[in-house]
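Hi,

Here is the structure I promised to pass on. Have a look at it first, then read my notes below.

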Amino acid sequence: MSARFDLSGFLRGYRADGQGAAAYPPHVLLSLVLYCYCKGVRSTRKIEAACVDDVGCRVITGNQQVDHATVARFLRRHRESLKALFVQVMALCARRGLVDLSAVAVDGSPMHAAAARSANRSLDALEAVIADGEEQLDQMAEDADDAAAAGRHRFMAAGSCLRRLSQLSDRVTRARLARDKLLERSLPSAGEIRIKVEAAQRMVARAEARLAEVTAGQQQRLADYARRTLQDQAAGRRRAAGRPPVSIEAKTKVIAQQARLARARAALHRARYPRPIPSSAARASLTDPASRLMLGKHGGYVQGYNVQIACARNQVLLAIELQDNPADTTALVPVIRRVQHNCAAAGLTGDVAAWLADSGYASTANFAALADLPLLVSITKEYEQTNVTTPPGHNVPAGHREMAARLASAEGRQLYARRGALVEPGFAQMFQRFGRRVHQRGTAAVDTEIKLLGAVHNLNKIFRHDARQRTS
C-alpha cells in the first residue's frame with residue numbers, strides 16, 4: 001500500500017550526498033508503522049518487539065529488528081508528511097467510490113493526554129517553578145565555573161550532573177510553555193475582541209462629538225464677547241458688560257470632555273490589545289501544556305484534547321482535527337473549512353449536500369459564517385429535534401430561528417436523523433482500535449498522531465472494501 005503514496009516529502013528529509021550511515025528506506029518504516037497501527041499497536045517499543053515475533057513485521061522489514069528510537073525519530077522527523085498522508089488515503093477512498101457527500105456529520109470527543117490531572121498548576125505555582133528552576137540552573141553554572149577555576153575540569157562530565165541539568169532545563173521550559181498557555185487562554189476570542197472594539201469605537205465617536213460640541217459652544221461665546229467688546233469700545237465704554245468667558249483651555253466642561261475622550265481612547269486601546277489576566281481557578285499542565293482539563297464522556301474530568309471528526313457514509317473520515325477549546329462551538333467553522341480543503345486536495349469536485357452537527361455547535365456566529373451552506377445544527381436537545389413540533393414554552397433565540405425552521409421541516413428532520421449513524425460509530429470504531437489516549441505531547445505532535453490514526457482508520461475501510469470486491 002505504501003508504494004501507492006507520494007513519498008517525496010519523506011525522501012526530502014534524507015541526505016543524498018552519501019554522507020552518514022545508511023537509513024532505512026522511508027517506505028519500509030512507513031509500511032511498518034501503518035501495519036502496526038492497523039493492528040492497534042502504537043507504542044514504538046511494542047513495534048520494536050513486533051519486529052521479532054510478528055510475521056507481517058518481519059516480512060516488511062526483511063527480518064531486520066528496527067529499534068524503537070528509529071521509529072520514534074521517523075515519526076518526529078516526518079510530521080508534515082505524515083499529516084499529508086491523511087489526504088492521500090482519502091484520495092484512495094474517493095477513487096474506490098467510498099466517499100459519499102450526500103451528508104457529512106461533525107462531532108467532537110475528548111481523548112486522554114499523556115499527562116495526569118495532578119500535573120495541573122496555577123499561574124502562581126508555575127511562576128514559582130520557573131523561578132526555582134532558574135535559580136538552580138544559575139547555581140549549577142556557578143558551581144561549574146568554580147570547579148573549572150579550581151582545576152576540576154571533569155566536574156561537568158559527570159553523568160548525574162548532566163542528567164540533572166537536562167531535567168531542570170526541560171522542567172523550566174515546560175513551565176514557561178504552560179504559563180504562556182494560561183495567558184493565551186485568558187485572552188478573549190476574536191469575536192469578543194471585535195464586539196468590544198466596535199463598542200469602544202462608538203464610545204470614542206460620541207466623546208469626540210461631545211467635545212467638538214462643547215468646544216464650538218465656548219468658541220462661540222468667546223467670539224460673541226469679543227464682538228460686543230468692540231461695539232462697546234466704539235461707544236466709549238471700556239469693555240462689554242457682564243463677566244468675560246474663560247478660555248477654552250480653562251473651561252470646566254471642555255476639560256471634563258477631554259478627560260472623557262482620553263478614557264474612551266484608553267478603553268479602545270485595551271479592547272484592541274487586551275491583557276491576559278488568568279482567573280485564580282485557571283490551570284495548565286506542567287507535563288503537557290497543550291492539553292486541557294475537560295469533561296469526560298462518562299462523567300468527571302479528564303486531562304486531554306478535544307478531537308473533532310467529520311464523517312461521511314460508512315464512517316469514512318473527511319477530516320480529523322484538534323480543538324484547543326473544550327467546548328465544540330468554535331470548532332464547527334474550522335472543521336468544515338478543513339473538509340472542503342481536503343475534498344479539493346483529494347480530487348472530489350462535488351459539494352456536500354448537507355452538514356449535520358449536534359447542539360454543542362449551535363451559535364449565531366456559526367450560522368452567520370456558514371450561511372451559504374446547507375447546514376443543520378440542533379438548537380435543542382437531541383430528542384426534541386426528532387419530534388414534529390417544538391415543546392411548548394421553548395424560547396428560540398433570534399439568531400437561531402432560521403435554523404429552527406429548517407429543522408422543523410420534514411426534509412430537515414429526515415436529514416438530521418442521519419447524524420448519529422454517520423459520526424457516532426466513527427468515534428466508536430477509532431476508540432475500539434486505538435483506545436482513548438494519545439501517546440504524544442504537544443499540539444504539533446498530537447495533531448500528527450491523530451491524523452495518522454485517521455489515515456489508518458480510512459485504510460481499514462479500503463481493505464474491507466477490497467476484500468468484499470474480491471469475494472464478490
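**Aromatic pairs**

The structure, which is a predicted model, holds two aromatic pairs. When you look at such a pair, two things describe it: how far apart the ring centres are and the angle between the planes.

Start with Phe10 and Phe74. Their ring centres are 5.8 Å apart and their planes sit at 10°, so this pair is stacked.

Where do Phe427 and Phe431 lie? Both are in helix H16 (residues 419-434), four residues apart, which is about one turn of the helix. An α-helix has 3.6 residues a turn, so residues three or four places apart point the same way. Are Phe427 and Phe431 buried or exposed? Phe427 has a relative accessible area of 6% and Phe431 has 13%. Buried means under 20%, so both values qualify.

**Helix H2 and its contact with H5**

Helix H5 turns up again in a helix contact. Two packed helices are described by the angle between their axes and the distance between the axes. The axes of H2 (residues 26-38) and H5 (residues 68-77) come within 11 Å and cross at roughly 100°. That angle falls in the range of 65 to 115 degrees, so H2 and H5 are roughly perpendicular to each other.

Which residues make the contact? From H2 they are Pro26, Leu29, Leu30, Leu32, Val33 and Tyr37, and from H5 they are Thr70, Val71, Phe74 and Leu75. Nine residues of this contact are nonpolar, one is polar and none is charged.

A bit more on H2 itself. From first C-alpha to last, its 13 residues reach 18 Å, close to the 18 Å expected at 1.5 Å a residue. H2 is mostly covered, with eleven of its 13 residues buried. Just after H2, Gly40 takes a positive phi of about 85°.

Happy browsing!

Conventions. Residues numbered from 1 in each chain as written. Predicted model: local features only at pLDDT ≥ 70, side-chain atom pairs only at ≥ 80, totals over all residues. Heavy atoms only, no water. Axes fitted to C-alpha atoms, helices over the stretch in contact; angles between N-to-C directions. Helix = DSSP H or I, 4+ residues; strand = E, 2+ residues; numbered from the N terminus. Parallel < 35°, antiparallel > 145°, perpendicular 65-115°, else oblique. Contact = heavy atoms within 4.5 Å. Nonpolar A, V, L, I, M, F, W, Y, C, P; charged D, E, K, R; others polar. Expected span 1.5 Å × (residues − 1). Buried < 20%, exposed > 50% of the residue type's maximum accessible area, 1.4 Å probe, protein only. Phe/Tyr/Trp six-rings, centres within 6.5 Å; stacked < 30°, edge-to-face > 60°.
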